[in-house]
Amino acid sequence: MIRLLYPWMFVLLLLPWAVYRFLPPVKGLHGDALRVPFLKDIAQINLKSGSLWRQSADGGQGWSKGMALLSLVWILLVTAAARPQWLGEPVRIKDYGRDIMMVMDISTSMREPDFVLNRRRIDRLTAVKLAAGNFIKQRPNDRIGLILFGTRAYLQSPVTFDKQSVSDILWAMDAGMAGNSTSIGDALGLALKNIRESGKSDDKIIILLTDGENNDGSLGMAQAINLARDEKVKIYTIGVGAEDSLTGSLFGIRLAPQSGIDEQSLKQLAAETKGTYFRAGDTVGLQKIYDEIDRLEPTVNEDQFVREAKDLFYWPLSGALLLALLAVFLKRKGL
């Protein structure tokens with residue numbers, strides 16, 4: 001398919017006629033004549049009596065050879081200026097959707113075996129790995145990053161299309177690797193800094209998961225909440241841990257109330273950033289939370305089509321040059 005990028009350039013086809021019609025002839029060494037601004041030899045093309053017309057052999061009027069060539073040169077130059085292009089077949093491409101930074105608590109409390117999978121008890125971190133790993137697989141068009149925190153917060157992966165690397169890091173992590181305490185504020189600050197530098201201006205979200213409260217680090221929760229609100233990044237918060245935990249006693253295993261999650265701060269953080277707070281008390285509930293986030297944040301990617309565009313202006317431009325050279329040759333030969 002051929003298209004013209006600047007079709008309005010064809011208005012210039014009337015320019016020579018307008019010059020001849022409305023401007024007076026140039027008076028000079030060669031008498032009254034229309035000046036041709038090309039090559040010196042082209043300017044010598046025979047234009048009798050300053051007219052664009054000549055008497056043909058049979059007495060009728062017709063274009064001279066020189067003027068016919070010059071007219072064709074002008075048409076080709078205008079065609080080149082209109083920028084003809086060849087368009088290829090539409091090609092389907094995919095663009096990325098959202099930037100998602102996953103911020104996960106890996107303090108020693110994540111070793112608590114209060115989740116159940118296939119009638120077997122597993123620790124919180126294993127349950128998180130399973131649910132988060134499935135979530136990553138469900139977001140093929142998003143860029144995903146990972147921050148792990150305990151006493152300190154560490155960027156394990158900036159937002160990237162390389163989901164396999166993020167999954168490998170996710171499964172390789174272990175509770176206690178970043179320290180025993182919990183620095184939620186520092187982790188959130190690090191996440192906001194990195195997602196701000198990801199290059200996108202919108203469609204950024206943070207998923208913060210923890211089983212405790214901010215009890216370490218340099219950034220308090222109030223400061224972190226204000227910073228998150230100013231950055232205008234939507235944040236989903238997840239408090240993880242069974243409502244009751246298993247503890248030992250002289251009479252065997254008993255249930256004890258689970259505490260330690262700063263739900264008030266997590267709820268406020270989500271509310272201030274137009275996100276949602278979730279409470280995960282078991283494996284099924286945790287998976288449903290990630291499924292719910294996936295539903296709330298549908299991928300913004302839509303299949304798009306592009307067409308290869310190849311410029312063709314050099315063809316008429318080359319033709320104009322060759323015809324101009326031919327006009328010079330004919331003039332010198334007296335044809």
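Predicted model: local features only at pLDDT ≥ 70, side-chain atom pairs only at ≥ 80, totals over all residues.
Residues are numbered from 1 along each chain as its sequence is written, and local features need pLDDT of at least 70, side-chain atom pairs count only at pLDDT 80 or more, while totals for chains, interfaces and linings use all residues. Side-chain values use heavy atoms, with hydrogens and water left out.

A nonpolar core is a set of buried Ala, Val, Leu, Ile, Met, Phe, Trp, Tyr and Cys residues joined through side-chain atoms within 4.5 Å, where buried means under 20% relative accessible area with a 1.4 Å probe and protein chains only. The largest such core has 34 residues, of which M102, M104, L209, I238, L286, Y290 and I293 touch the most other members. Among the elements that give it two or more residues are β6 (99-105), β9 (143-149) and α9 (283-296), but the largest share, seven residues, comes from α4. Apart from this core lies another, of 25 residues, including A153 and A224.

With contact taken as heavy atoms within 4.5 Å, L209 touches I238, L286 and Y290, among others, when residues up to four places away in sequence are not counted.

Strands here are DSSP runs of E with at least two residues, and helices are runs of H or I with at least four, numbered from the N terminus. In β12, six of the seven residues are buried.

| Strands | Bridges | Direction |
|---|---|---|
| β11 and β12 | six bridges | parallel |
| β12 and β15 | four bridges | parallel |

Within these pairings, I205 has K234 in β12 as its bridge partner, and I238 has F278 in β15.

Definitions and conventions: Buried < 20%, exposed > 50% of the residue type's maximum accessible area, 1.4 Å probe, protein only. Pairing = 2+ DSSP bridges.
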